[in-house]
Amino acid sequence: MRYFLKGFLYGILGISLIGLIWLMIVRPQLTARDAAELKDEYSETVSGATSPGDSVGEESSVDILAMQRQYPDIKAWLTVPGTVIDYPVLQSSAEDPEHYLRRNYDDTWRMAGSLFFQYDCTLDSRNLVIFGHNMSDGSMFACLRNMFDAEFREEHSQIILHTADGTRYFRVVSAMKTDLAQLPFNQTMFQSDNDFLTFAKQMLQDTDVMPNSDLTLLTLITCAYDWDGARTVVVAVETNEE
């Protein structure tokens, strides 16, 4: 009887360990695989000069319009070169704003979920707000915590946002840990230019950027665990420079 119970307990422990590995390691990696396969299926090559005076070269892009015909909730593709961030950005409705928190682009359940725009955000918003999980395996928005390191932030300052209207470029200017009680970082609607400028000054404090009414901000948000409601918030500004 003693050996039976011992074997039974070892069996339960083994099953639990397998389940934990599946839940914490395998399942999150499925999202990265899904994204890579999707990008490969809908990648396209566009012409562009590599630098002034050079002959026309080729660069990789993503055919968002083609994706949207199959998956209408895909609104953009976000890439931070040199990091694992290379994922589609989804968006659901006000009635179900976190629909993609645990789902991928084809609505399959995924532990890591998807990157997603806040429900009231449009590509014309002055503050583009994107949420993503802080996954323990380093996927999704986990690497945003590295943006607190000035050297890492400088080396990975470029953000590329592919949209149906073209490719947009942003430059990371700050990273902070905060919460909505301290800073309304997810605000997307503004009553006037002055209202936006007041918001931008808060978001861009301690940066080299002078707030103005022509700015477009990109705000990337993931969980922090320093206190209840804490968030890691990375702020970038749109630039015409590639």
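Author: Aspartate 208 is exposed, its relative accessible area being 62%. The model is predicted, so local features need pLDDT of at least 70 and side-chain atom pairs count only at pLDDT 80 or more, while totals for chains, interfaces and linings use all residues. Residues are numbered from 1 along each chain as its sequence is written, and side-chain values use heavy atoms, with hydrogens and water left out.

Reader: Why is aspartate 208 called exposed, and why is arginine 171 called partly exposed?

Author: Exposed means over 50% relative accessible area, buried under 20%, and partly exposed in between (1.4 Å probe, protein chains only). Aspartate 208, at 62%, is therefore exposed, whereas arginine 171, at 34%, is partly exposed.

Reader: What makes the meeting of aspartate 208 and arginine 171 a salt bridge?

Author: The term requires a side-chain nitrogen of Lys or Arg within 4 Å of a carboxyl oxygen of Asp or Glu, and in this pair the N to O distance is 3.8 Å. The pair links distant parts of the chain, 37 residues apart, with aspartate 208 in the loop between H4 and E9 and arginine 171 in strand E8; helices (H or I, at least four residues) and strands (E, at least two) are DSSP runs, numbered from the N terminus.

Reader: How do you know that the buried residues of H4 line one face of the helix?

Author: In helix H4 (residues 193–203) the buried residues are Phe196, Phe199, Ala200 and Met203. Seen down the axis of H4, they fall within an arc of 100 degrees, so they line one face, the arc being that of the directions from the helix axis to the C-beta atoms. The face turned away from this buried side carries the exposed residues Asn194 and Lys201.
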